[in-house]
Amino acid sequence: MSITIYVSADSSAVSLGADRVAAALVKHAQERNIEINLVRNGSRGMYWLEPLVEVEVNGERLAYGPVQVSDVANLLDSGLIYGRKHPLFLGATEEIPYFKKQQRLTFARVGITDPVSLEDYVAHDGYLGLANALKMNQTEMVKHVTDSGLRGRGGAAFPTGIKWNTVLNTPSEQKYIICNADEGDSGTFSDRMIMEGDPFVLIEGMTIAGLAVGATQGYIYLRVEYPHAHIALNAAIAKAYKANYLGENIQGSGKTFNLEVRLGAGAYVCGEETSLMESLEGKRGLVRFKPPLPAISGLFGKPTVVNNVISLASVPVILHKGGEYYRDFGMGRSRGTLPLQLAGNLKHTGLVEVAFGMTLRELLYDFGGGSATGKPIKAVQVGGPLGAYLPESQFDTPLDYEAFAANWTVLGHGGVVAFDDTANMAELAKYSMEFCAAESCGKCTPCRIGSTRGYEVMDDIINNVDREKNIVLLRSLCDTLLNGSLCALGGMTPYPVLSALNHFPEDFGVDA
Amino acid sequence: MTELNAQQQVIDQTIATLKDKPGALLPILHGLQDALGYIPPHSVADIAKALNLSRAEVHGVISFYHYFRDTPPGKHTIHICRAESCQAMGSTQLESHVKSTLGIDYHETTADGQFSLEPVYCLGNCACSPAIQIDKEIYGRVSNESFDAIINELGASA
C-alpha cells in the first residue's frame, strides 16, 4: 500500500525550499523501495513550520517541520511513513493549537486538498454552493449574500449583497464579474493562499456571482507578482471548463459563465477598482471619478461587480450553508470570519482565520507568539501600507471594522505587520510618502504632488531642518491629502504618517 | 539582421493572436515581454496601428506600469521587496548588501549582463520576510549569506 505524503506547493513554502524537500522525499523513498503518493497541497498557513511534511497514518495527518533537504533521509529512516517520533515531529496537524483555534470557513480546504484536483474539491464539499444556487432564482441568491452580512474583504468593507443587488437591478445586455486579485498590500497574502491553495473555491464563487446578477463574463485581475497563483488558476479554470462548471449550459442549467485571468503589471493603484477597470480595458490605471458606480457603469461601461478574492471565495460556503450560518460568526456589524495574515517581525507568522471580535493583542501573542527577534513589539501596522500604526496602548482593540475605525485605524484586508523596538517610525512615515509618490496614478493633485512634497518634508524633519515648522506643514499637507484626494491611495497615506507622528513623536524629534 | 527578423516575427505573431481580445493592450505587452524579455521600442508603432491607438497612448501604458521595460534585462532579474513587512525583518540592510555585491542600483544591469535589479512592492511572501524574487523563483527569509549562495549558484550555472 502506498503512503500519502503532503508537501505544500504554496509559493511561500516553496520560497523556503518545499520543492527541494519534495524532490528529496521522492528520491530517498525510491532508494528505500518505499512507495509514496506525494500530494502538493496548499499551505496550512503555519509558515514558521514550512516546509511542512505531512503523512497520512490511519486516516490521520501527522506533521513534521520545518523540514530541510538534509533532514529527509533521516526522517524516512526514523519511520516517517508510520508517523514515528522525531525531533521534527509535531503530532496531528489539526491538533496544533495555532490551527485548532481557528474557524476556517473560507479556508476550509486550503492545505488539505490537492489545489488543482477537481475530484478532491468536489469530495470536500466543493460545488455544493453552486448546486444550491442553481435551485434558486437570482433574488434568492443575492438575498443569501445580503443576509450573511458579508462585507468587502478587500479593505473597504462595503456590503457585498448591496453591490450585487445594484448590478442585478441594472438592466443591460452585458454585465461583468471582476475579481480583484491585485493583492498589493504589504503584509497580506490571503488572496494568494486561496488562489494557490484552493482555486476552485474562487471559480465557484465567481460563477455564483455571475448567475446571481446575470453576468456571463468574469475576469480575475491578478497581479503579475503571483506567478504560482497564475498557474494554479489557469489549471483549475481549464478543468472547470472541461467538467462543464464553466462555459455554456453549466451543469445542464442553461446558464453561461466564462472566466479569464488577466495580469496586472506592477501598479499598486490598480487595486483600486476603477483604476483596475481602466487597466483591464488596456489603458493606464488612472482612477475614475465616482459616480457613476461600477455597479451601474463599470468595465466597458457595463454594470460590473468588483469583489475581492476573499469576498468571492466566501460565497460558496454562504450558498452551501445559508446566509444565516455565516452571519452567526462575528461581532457587531462585522459578520462571519476574517482571514488575518500575521507578517513582519513575529515568531509565528501565517494565516489565521477567525470570527471577528478577537483582540489584536490575542492575535499578536496567542497566535503570533510575540516578536521573532524576542524584542518588545513597538508598533503594528494593520491594513496594508495605507493602514495606521498602532502602539501598544491600542493592542486591545477588537478585530472589528467599526472598533478599528473608532480608533482612526483600519482593519482593511486583515494584514498585520509587527515591528520590534528597533523600528524608526519617522523613517517609516517617510517611506509611506515615498511609496505614495511612486504609486500615485497622477490624476489628482494632492496625491501626485503632495506625496513628493511630503517625502521632502519628512526628510527635513528627520534631518532637523526647521523641524517644528515642518511638523506643522506635514500636518497641513496630510489634511489636504485626506480630504482632497480622489481615491484611497492619497486619501489614506496620512494614516500611517500621522499615526506614526501622534504615537511616536520622539522618533520625529518632537515632544508629544 | 536575422535576430531582428526573428524579433519582428514574435511581435507580429503576438499582436495577431491577441489583438481581438477586449482590452488587448496589456495581454499584448505581457506576451512581448514574456517572449523577448522586454518591449522593443520599435514595436510601439505596430501595436498602436493594430489597436487603432496613438503611439503616445501605447507608450503611456508601457511607462505607467512598473513591470514593463523597454530595454533588454540581464540574464537574471532580481526583485527585492521594499515593503513594510520585509523592512520589519531587515530588508533595507539586505538591499544595501545586494546593491554593493552587484555594484548596481535599482533599474540597472551588471556590466557582464548577468543581473538586473528592480524594486518590488510586496511579493505576498510577508510571512517569510525579507523576500526576493529571481526570475520566476521566490526566496524567503533571505540573509546576506543566503543571497550570496543563490547568486553564486546562478553564476556557476551561467
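Predicted model: local features only at pLDDT ≥ 70, side-chain atom pairs only at ≥ 80, totals over all residues.

Trainee: Is S190(A) buried or exposed?

Mentor: Check the relative accessible area against the cut-off: under 20% is buried, over 50% is exposed. S190(A) has 1%, so it is buried. With a relative accessible area of 53%, T139(A) is exposed.

Trainee: And how far is T139(A) from K255(A)?

Mentor: Go from C-alpha to C-alpha. The two are 116 residues apart along the chain, and their C-alpha atoms are separated by 16 Å.

Trainee: Now a helix. How do I check the length of α10(A) against its residue count?

Mentor: Take 1.5 Å a residue and compare the result with the distance between the end C-alpha atoms. Helix α10 (residues 199-213) of chain A has 15 residues and should span 21 Å; its ends are 22 Å apart, so the two agree. Just past the helix, G214(A) takes a positive phi of about 85°.

Trainee: Which other residues have a positive phi although they are not glycine?

Mentor: Read phi first, then ask where the residue sits. N33(A) has a phi of about 55°, and its place is the loop between α2 (18-31) and β2 (36-39) of chain A. Y127(A) has a phi near 65° and belongs to the loop between α5 (118-123) and α6 (128-133) of chain A.

Trainee: Which of them is buried, and which is exposed?

Mentor: N33(A) is at 74% relative accessibility and counts as exposed, whereas Y127(A), at 4%, counts as buried.

Trainee: What about cis peptide bonds? Where do I find them?

Mentor: Look at omega. In chain A, the bond joining K290(A) and P291(A) is cis, with omega about 0°. P291(A) is in the loop between α12 (273-280) and β9 (304-308) of chain A. In chain B, the bond from S129(B) to P130(B) is cis too, with omega near -5°, and P130(B) lies in the loop between β3 (115-120) and β4 (132-134) of that chain.

Trainee: Let's do helix packing. How do α17(A) and α18(A) cross?

Mentor: You want the angle, the axis separation and then the hand. The axes of helix α17 (residues 425-439) of chain A and α18(A) come within 8 Å and cross at roughly 155°. An angle over 145 counts as roughly antiparallel, so α17(A) is roughly antiparallel to α18(A). The crossing is left-handed.

Trainee: Which residues meet there?

Mentor: From α17(A), they include A426(A), A429(A), K430(A) and M433(A); from α18(A), C447(A), G450(A), Y455(A) and M458(A) are among them. The residues of this contact divide into nine nonpolar, four polar and four charged.

Trainee: And how does α18(A) pack with α19(A)?

Mentor: Helix α18 (residues 445-462) and helix α19 (residues 467-484), both in chain A, pack at about 160° with axes 10 Å apart. They are therefore roughly antiparallel, and α18(A) passes α19(A) in a left-handed crossing. Contact residues include P446(A), R453(A) and V457(A) on α18(A), and N470(A), L474(A) and L477(A) on α19(A). This contact divides into eleven nonpolar, five polar and three charged residues.

Trainee: Last stop, chain B. How many helices and strands does chain B have?

Mentor: Count the elements, then read their order. Chain B has seven helices and five strands, running α-α-α-α-β-α-α-β-β-β-β-α from the N terminus. The C-alpha trace spans about 50 × 35 × 20 Å along its principal axes. Of the 158 residues in chain B, 53% are buried.

Trainee: Which residues does H97(B) touch there?

Mentor: Again, leave out residues up to four places away in sequence. H97(B), in helix α6 (residues 91-102) of chain B, touches N144(B), F147(B) and D148(B). At 17% relative accessibility, H97(B) counts as buried.

Definitions and conventions:
Residues numbered from 1 in each chain as written. Chains lettered and ligands numbered in written order. Heavy atoms only, no water. Helix = DSSP H or I, 4+ residues; strand = E, 2+ residues; numbered from the N terminus. Expected span 1.5 Å × (residues − 1). Axes fitted to C-alpha atoms, helices over the stretch in contact; angles between N-to-C directions. Parallel < 35°, antiparallel > 145°, perpendicular 65-115°, else oblique. Left-handed = near helix turned anticlockwise from the far one by under 90°. Contact = heavy atoms within 4.5 Å. Nonpolar A, V, L, I, M, F, W, Y, C, P; charged D, E, K, R; others polar. Buried < 20%, exposed > 50% of the residue type's maximum accessible area, 1.4 Å probe, protein only.
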